[in-house]
Amino acid sequence: MALCALCCVVFALITWQVAVDGPLVAADMRLGNLLQRNSPPDAVAELLADLGNLAVAVPVLAAAMTYAVVTGGARRWVPPVCAALALTATGLAVTLVKVWLGRPGPPGGTNYYPSGHTATAAVAFGGAALLFSLTVRRPPYWPLPATAALLTLACSAGLVWRGYHWPLDVVASWCLSWVVLTSATAAAVRGLRGSWSADTETSAPGASAPGASASESSSPEGSSAEPSGQARAAAPGRRGPRRGGPHAGR
């Protein structure tokens with residue numbers, strides 16, 4: 001929760017600097033130019049930048065959603081819906097901020113802040129890691145989010161190396177994506193918690209079928225209850241001598 005709040009603060013700070021063209025923007029442009037001059041071969045940087053393309057990231061998330069639906073238990077639809085909503089919300093938020101600020105990019109033009117490719121990679125790969133983590137049966141789970149983070153960082157580096165975005169563009173998308181993924185994870189876990197509780201109650205040892213108490217009361221063991229106080233009091237009288245019998249005078 002603290003990290004999520006920190007991401008919100010950082011995103012707000014960067015957005016404010018971009019909106020007012022503050023000193024952080026000038027430092028960001030100098031850093032971006034430096035990274036472009038020291039980039040790896042263009043083919044490598046382009047390959048990394050393409051990780052944020054919709055044609056690359058969305059099929060990965062779709063495959064994870066299909067796997068979660070096929071292998072999940074009750075309420076198996078909850079995590080895929082949360083992941084899909086997270087990607088949709090991220091795209092909408094990025095588009096609104098882009099149009100609002102209209103920041104110029106390294107290649108020219110406007111609407112480069114925040115980075116849409118970085119946000120797509122982060123939410124798609126992060127959402128896929130979330131879905132696989134919720135359905136995998138055996139630990140460890142950490143390689144999944146670690147792989148998603150590595151792919152997102154690689155995409156971000158490729159975008160800056162190729163001169164498609166300034167460094168602050170991708171950093172802002174990291175912050176935005178973390179907040180969205182954290183919210184999606186909390187919603188998915190909360191939705192699955194109800195199904196886990198229902199499964200636990202159903203499989204509890206003390207759970208009995210309806211009518212079990214009725215069958216127990218009608219069984220022979222159930223009829224062997226201890227006699228009441230009136231029955232115990234009347235029992236000695238039944239064992240006494242009968243009046244008027246042939247041996248009554250003895």
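What follows is a quick chat about this model.

Me: Before anything else, what kind of model is this?

Reply: It's a predicted model.

Me: OK. How many helices and strands does the protein have?

Reply: The count is 10 helices and 0 strands. Reading from the N terminus, the order is α-α-α-α-α-α-α-α-α-α.

Me: And what share of the residues is buried?

Reply: Of the 250 residues, 34% are buried. The protein exposes about 15000 Å², with 66% of that coming from carbon and sulfur atoms.

Me: How much of the contact set joins residues at least 24 apart?

Reply: If you take contacts between residues at least 6 apart in sequence, 76% of them join residues at least 24 apart.

Me: Let's talk core. Which residues have the most contacts inside the largest nonpolar one?

Reply: That core has 41 residues, and the ones with the most contacts inside it are F11, I14, V18, L61, Y113, F125 and L131. The elements giving two or more residues to this core are α1 (2–20), α4 (54–71), α5 (78–101), α6 (116–135), α7 (143–161) and α8 (167–202). The top contributor is α8, with 9 residues. As a general point, nonpolar side chains in soluble globular proteins tend to be buried together.

Me: What does I14 touch, apart from its sequence neighbours?

Reply: Beyond four places in sequence, I14 touches Y113, L168, V171 and A172.

Me: Switching to cysteines. How many disulfides are there?

Reply: The count is 0.

Me: Are C4 and C155 buried or exposed?

Reply: C4 is buried, since its relative accessibility is 12%. C155 is buried too, at 0%.

Me: Now the loop between α5 and α6. What's going on with the peptide bond from Y113 to P114?

Reply: That bond is cis, with omega near -10°. P114 sits in the loop between α5 and α6. In general, most peptide bonds are trans.

Me: S115 is in that loop as well. Buried or exposed?

Reply: S115 counts as buried because its relative accessibility is 0%. Its side chain makes a polar contact with the side chain of T118, at 2.9 Å. Leaving out neighbours within four places in sequence, S115 is in contact with L159, H165, D169, V170 and S173.

Me: What about D21, what's its phi?

Reply: D21 also isn't a glycine, and its phi is positive, about 55°. You'll find D21 in the loop between α1 and α2 (23–37). At 59% relative accessibility, D21 is exposed.

Me: Last topic, α6. How far does it reach?

Reply: The 20 residues of α6 reach 28 Å from first C-alpha to last, close to the 28 Å expected. The helix is mostly covered, with 16 of its 20 residues buried.

Terms used:
Residues are numbered from 1 along each chain as its sequence is written. This is a predicted model: local features need pLDDT of at least 70, side-chain atom pairs count only at pLDDT 80 or more; totals for chains, interfaces and linings use all residues. Side-chain values use heavy atoms; hydrogens and water are left out. Helices (H or I, at least four residues) and strands (E, at least two) are DSSP runs, numbered from the N terminus. Buried means under 20% relative accessible area, exposed over 50%, partly exposed in between (1.4 Å probe, protein chains only). Contact means heavy atoms within 4.5 Å. Accessible areas come from the Shrake-Rupley method with a 1.4 Å probe; for residues, only the protein chains shown count as cover. A nonpolar core is a set of buried Ala, Val, Leu, Ile, Met, Phe, Trp, Tyr and Cys residues joined through side-chain atoms within 4.5 Å. A disulfide is a pair of cysteine sulfur atoms within 2.5 Å. A polar contact is a pair of N or O atoms within 3.5 Å; within protein, one must be able to donate a hydrogen and the other to accept it, and residues adjacent in sequence count only if both atoms are side-chain atoms. The expected span of a helix is 1.5 Å times one less than its number of residues.
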